[in-house]
Amino acid sequence: MFDFFRRKPKEQLDCLGVYEIKPYHYFESNMTYAKDALVYNQDGIKVYTRLYKSTLFIFTFVENEMNYQKRNFTYEALKEKIDAVIIDPHTALIQLVVFKNNNSDTIRIASEVPFNSKKEFNQSFVYDAEKIRLKFYRPVPDFYQLYNHYAEALIFDLGVIDLEKR
């Protein structure tokens, strides 16, 4: 007889949660489709930005974490380059960092406590090439109003297939 009530065992994760995603090489075409502007492209690090409903999105793609210093890729550090392409004022900021390599260095960086508030949201992801998904190590404050814009960035810009966290 069929056991309709038997659940699949929950997957044991080595992170706080994951989002199903397209392969890493799709990120650049996603940025083009969303009309994100490339403001930085050096040493295996690319930074894109766009404005959506007075919220500034900053996406940092890190293919080589050896060249990545978090302080060099904050809004304040990139303000001049961002202001050159985004001239309208913004009232909120969402900054997402995606590491291509899944190793102890990227996990350590993604596990650092980010600054999050009602007007600013920061999150780091580590791309899992084996299972084609983004892993995150810090909680997502979905109780903030800014969460809706965060979800917009995940789906529209990063191409997350399902916002259901595991």
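Let's start with Gly-44, which counts as partly exposed because its relative accessibility is 32%; buried here means under 20% relative accessible area, exposed means over 50%, and partly exposed is in between, with a 1.4 Å probe and protein chains only. Gly-44 sits in the loop between strand 2 (37–42) and strand 3. Helices (H or I, at least four residues) and strands (E, at least two) are DSSP runs, numbered from the N terminus.

Before going on, a word on the source: this is a predicted model, where local features need pLDDT of at least 70, side-chain atom pairs count only at pLDDT 80 or more, and totals for chains, interfaces and linings use all residues. Residues are numbered from 1 along each chain as its sequence is written, and side-chain values use heavy atoms, with hydrogens and water left out.

Back to that loop. Leaving aside neighbours within four places in sequence, Gly-44 is in contact (heavy atoms within 4.5 Å) with Phe-61, Val-62, Glu-63 and Asn-64. Asp-43 belongs to the loop between strand 2 and strand 3, and its phi is near 50°, a positive value in a residue other than glycine. Most residues other than glycine have a negative phi.

Where else does a residue other than glycine take a positive phi near 50°? Ile-132 does, in the hairpin of strand 6 and strand 7, which has 4 residues between the strands. Ile-132 counts as partly exposed because its relative accessibility is 29%.

Now the strands on either side of that turn. Strand 6 and strand 7 pair in the antiparallel sense over 4 bridges; two strands pair if DSSP finds at least two bridges between them. Strand 1 (residues 17–20) also runs antiparallel to strand 7, joined to it by 4 bridges. Lys-135 of strand 7 is the bridge partner of Val-18, and Val-126 stands opposite Lys-135 too. Side chains in a regular strand alternate between the two faces of the sheet. In strand 7 (residues 133–136) both faces are covered, with Arg-133 and Lys-135 buried on one side and Leu-134 and Phe-136 buried on the other.

On to helix 4 (residues 147–157), where the buried residues are Tyr-147, His-149, Tyr-150, Ala-151, Ala-153, Leu-154 and Asp-157. Their cover includes strand 1, helix 1 (26–33), strand 3 (45–52) and strand 4 (55–62). Just after helix 4, Gly-159 has a positive phi of about 75°.

Which residues have the most contacts inside the largest nonpolar core? They are Phe-59, Phe-61, Leu-96, Phe-125, Tyr-150 and Leu-158, in a core of 27 residues. By nonpolar core I mean a set of buried Ala, Val, Leu, Ile, Met, Phe, Trp, Tyr and Cys residues joined through side-chain atoms within 4.5 Å. Helix 4 gives the most to this core, with 5 residues. Apart from it lies another core, of 17 residues, among them Val-47, Tyr-68, Ile-82 and Leu-93.

Last stop, the largest pocket. Its lining has 18 residues, with Lys-70, Thr-74, Gln-95, Pro-114 and Asn-122 nearest the centre. A pocket, on a 1 Å grid over the protein atoms alone, is an open set of points where a 1.4 Å probe fits, with protein on both sides within 12 Å along at least five of seven lines; lining residues have an atom within 4 Å of a point. Strand 6 brings the largest share of the lining, 4 residues. Thanks, everyone!
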